[in-house]
Amino acid sequence: MVMAETSERRMCCKDGISYFCDVPLGLYVVRGDSMVLLGQVGDMMQEERMKEVSMEDLQKMTEESGAGALSWDFDLDLEA
């Protein structure tokens with residue numbers, strides 16, 4: 001599947017609020033065995049629970065929280 005105008009949503013939770021920013025990816029190719037059907041249902045962004053911030057602000061919040069980026073070893077994490 002080839003998708004156009006894709007974006008990656010990055011999030012950081014702080015004080016019960018989810019801060020996020022969308023990073024544009026552009027054209028994206030997905031293999032058939034990696035596909036999932038997605039869709040937006042209703043208005044998921046409730047003003048009191050999610051706030052959109054700039055990428056710089058999100059990076060600063062992530063560094064301050066000490067959470068950092070997730071490290072995922074695909075070979076080990078998918079073993080049963």
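## Salt bridges

The side chains of Arg-10 and Glu-8 meet in a salt bridge with an N to O distance of 3.4 Å, a term for a side-chain nitrogen of Lys or Arg within 4 Å of a carboxyl oxygen of Asp or Glu. This is a predicted model, in which local features need pLDDT of at least 70 and side-chain atom pairs count only at pLDDT 80 or more, while totals for chains, interfaces and linings use all residues. Residues are numbered from 1 along each chain as its sequence is written, and side-chain values use heavy atoms, leaving out hydrogens and water.

The structure holds three salt bridges. In another of them, Arg-9 pairs with Asp-22, the closest N and O atoms being 2.8 Å apart; this pair links distant parts of the chain, with Arg-9 in strand β1 (residues 2-14) and Asp-22 in strand β2, 13 residues apart. Glu-64 forms a salt bridge with Lys-14, with the closest N and O atoms 3.6 Å apart, and joins helix α1 to strand β1 across 50 residues. Strands (E, at least two residues) and helices (H or I, at least four) are DSSP runs, numbered from the N terminus.

## The nonpolar core

The largest nonpolar core has eight residues: Cys-12, Ile-17, Tyr-19, Cys-21, Val-23, Val-53, Leu-58 and Met-61. Strand β2 gives the most to this core, with four residues. Such a core is a set of buried Ala, Val, Leu, Ile, Met, Phe, Trp, Tyr and Cys residues joined through side-chain atoms within 4.5 Å, where buried means under 20% relative accessible area, exposed over 50% and partly exposed in between (1.4 Å probe, protein chains only).
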